[in-house]
Amino acid sequence: MFDGLKDKLNSFREDVEETAEEAADADESADDADESTASADADESTASADDADAESVAVDDDDSDDSAAAAAAETDAETPSSDESDSDDADDSDDSSSGPGTLKRAAAFATGKVIIEEDDLEDPLWELEMALLESDVEMSVAEQILDTVEETMIGETRKQVETTGELVERALHDALVDVISVGQFDFDERIAEADKPITIVFTGVNGVGKTTSIAKLSEYLADRGYSSVMANGDTYRAGANEQLQQHAENLDRKIITHEQGGDPAAVIYDGVEYAEANDVDVVLGDTAGRLHTSDDLMSQLEKIDRVVDPDMTLFVDEAVAGQDAVMRAQEFNDAAAIDGTILTKADVDASGGAAISIAYVTGKPILFLGTGQGYDHIEPFEPEELVDQLLGADQ
Amino acid sequence: MVLDDLGSSLRGTLDDLRGKSRLEEDDIQEVVKQIQRSLLEADVEVDLVMELSDSIKGRALDEEPPGGTSARDHVLKIVYEELVELVGDSTELPLESQTILLAGLQGSGKTTTAAKMAWWFAKKGLRPAIIQTDTFRPGAYDQAKQMAGNAEVDFYGDPDADDPVQIARDGLEATEQAEVHIVDTAGRHALEEELIAEIEEIDSVVDPDTRLLVLDAAIGQGAKEQAQRFEEAIGVEGVAITKLDGTAKGGGALTAVNETDSSIAFLGTGETVQDIERFEPNSFISRLLGMGDLKQLSERVERAMEETGAEDDDWNPESILEGSFTLKDMQKQMEAMNNMGPLDQVMDMIPGMGGGMMDQLPDDAMDVTQERMREFNVIMDSMTDGELEEPRSISASQVERIARGSGTNTERVNELLEQHKMMDRTLNQFQGMGDGDMERMMKKMQDGEGGLGGLGGGGGPGGMM
């Protein structure tokens, strides 16, 4: 998971460095012109400006001719002044350019620093946005991340010994960690500390893997010494009872079921009563998959939440989910406030942007990843680790 | 619904092009960005989005809009054509004996889709059977069996067997009586080598006529890899999109269709077996772009222009653009509108006017407008040629005479003259735009840039048209 995003982030970092370096070259040539009155110097600076121009064209892919144009335009704007080797003209062109003024530029240049400007970031940020979208990060979330990165970076001076890449990495790292590590808590600790029995209700749309996740979590809990009972609140879907029953049999757990068409809240409630009577630690309450657009089913979910009043509600969604992940996470969170998310099918998808989207929009942490069809294929989610991995901690 | 939002956001951007006859690179860039955004928000795969938008951009810049086409309609037409090209036709499913194999990720909705399709075929008068080969997921057999019961179709499965290939073989034999065999398989994903090998084996035993990839409408960029892998393994002839009753746009289906060079077969829109639709590409894209039926509209405009122009040799629409818009021209314009057919039908075909927009109009808006146009026409019939050519010279006494002659009142006649003045003003703004002709004027009108805009009168559909 997340390999795809990692590659793209690396290429983003390279892009930023290139663009910033080009800008730096152009700046230098302009500064040269500033200082020089001799025509020899001016010729030199013209040459270097041309170099920068050529470089920027060569470096950019054909799909981002904008950046070539922008870079070229920027260089061009400053080139005429050096051509004429007229310091007045050079000043004019500096004055008319946006961003940090001549003084700050000069100061930065003198101290061997480069200022990162909005223009330098425009194309790399576009690339980054594409990279995030390509990794299934939802668009508004991606934009938020971009804003954070941009805010952090613009106007930032960097020492020439420091690469822009390092700055980008820091900005990106912070932005991603901010989003993805929201509200993290220690699941095991919370289970350990809570009064037993603990009731956990699982929600989510159809086919994301709620039932399978319950089976896996039951095994996860057993590994840590907790007993659990499954309650099948999915009284709607054909085969739902049989499915959970089979899991319970395989794992040797107690299961509470009612007939198909029964009241889901009542089933889970029975599960809680059973747990209280039999000293079971955790009640795992399944619910029928439902689309967040179904008012009836969503109000049924609200009712389950009200009647059962679970200690924890876990939203289950799949790592392969795209842009819609945000919408449904929000709707489910609204209907029955969630405490965290289980992201299933993480072995299918290499990008995993859904994790970022869901964490961002719900403000609740991703707690587990489902990584296969076996009962032990469930892993606690480690945000820091993930972000380090994303950004290539080896660098 | 699939890509529903593309329509509205795209329309928004395209609206910015209103009144432009030439496209600047900047305009196109903005439109292309919007298209990219909409497609990406709909989960269409990034490379495919870039491909599509590059091609749209290239064509918008290179291709000269045909005479009489506004910049906006030109772009809309290109987008339409590119999407049609991508989506293609609906997957061909002849109503005869056949075998269909379903494949897809865990939880994408294969079992439900199998039952829905069986129901669909049964409604078409064929006898379908579902063969359930998922031996892995607990409860799969029970689910399939029950859903087959709901669809009232034949069913074969074996809860005690553990070899899907054998079940498929036995199932085909056991359901020999059925005409359409729908083989359901266990969910699997592209990276599970063993399971991919298994479905290859099932495929060779079943030898299906059609292999459908079942895709959750919410699937993101991963659709590409999944589609690729299933295409390599068994070949994909069609895509069934499920869970379209949610908010997901189903752009993954476009990705998959593109990857597998196939088409969309079915749309799943609910939990009961009846909630299935055959995919209709034309209505889908037309509605998607909110363009009603542009093709039919342009045909109608052309025909109407021919009819209108043919009757009157000495009427030259070009003269309008030279600064002399007379009541005669206005009459012709209205006639042309009339020749296009009932207004509400025409409105439906106008880009951006179909659907929601029409709903916002009062029910009788069309009738009122049409009534008004008819009345104006009667008034103009009571004018002399001189008055029609020089409406500004019409005095108060002439107004009174015209009102009497046409059986209306002076108020109405003055409204007509006001209307003409307004249109004349609007037209003056259009002058100097180059090779304009009547047809383009028509387009302008449809784009709500004046023209007959005020015909609806106070508070009516005025400005809407």
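These are questions and answers about how terms apply to this structure.

Me: What makes local features count in this model?
Reply: This is a predicted model, where local features need pLDDT of at least 70 and side-chain atom pairs pLDDT 80 or more, while totals for chains, interfaces and linings use all residues. Residues are numbered from 1 along each chain as its sequence is written, and chains are lettered from A and ligands numbered from 1 in the order in which they are written.

Me: Why is Asp136(A) called buried?
Reply: A residue is buried if 20 or more other C-beta atoms lie within 10 Å of its own, exposed if 12 or fewer, and partly exposed in between; C-beta atoms are placed from the backbone. Asp136(A) has 30 such neighbours inside 10 Å, so Asp136(A) is buried. Asp136(A) sits in the loop between H6 and helix H7 (139–153) of chain A.

Me: What makes the phi of Asp136(A) worth a note?
Reply: Most residues other than glycine have a negative phi. Phi of Asp136(A) is near 70 degrees, a positive value in a residue other than glycine.

Me: How do you know whether Lys345(A) is buried or exposed?
Reply: Count its neighbours. Lys345(A) has 27 other C-beta atoms within 10 Å, so Lys345(A) is buried. Its phi is also positive, near 55 degrees. Lys345(A) lies in the loop between strand E8 (340–344) and helix H15 (353–362) of chain A. Helices (H or I, at least four residues) and strands (E, at least two) are DSSP runs, numbered from the N terminus.

Me: What makes the bond between Lys196(A) and Pro197(A) stand out?
Reply: Most peptide bonds are trans. The bond joining Lys196(A) and Pro197(A) is cis, with omega about -5 degrees.

Me: How do you know which residues of chain A and chain B are in contact?
Reply: Contact means that two C-beta atoms, placed from the backbone, lie within 7 Å. On that basis, 35 residues of chain A are in contact with 32 residues of chain B. H11(A) gives the largest share of the chain A side, five residues.
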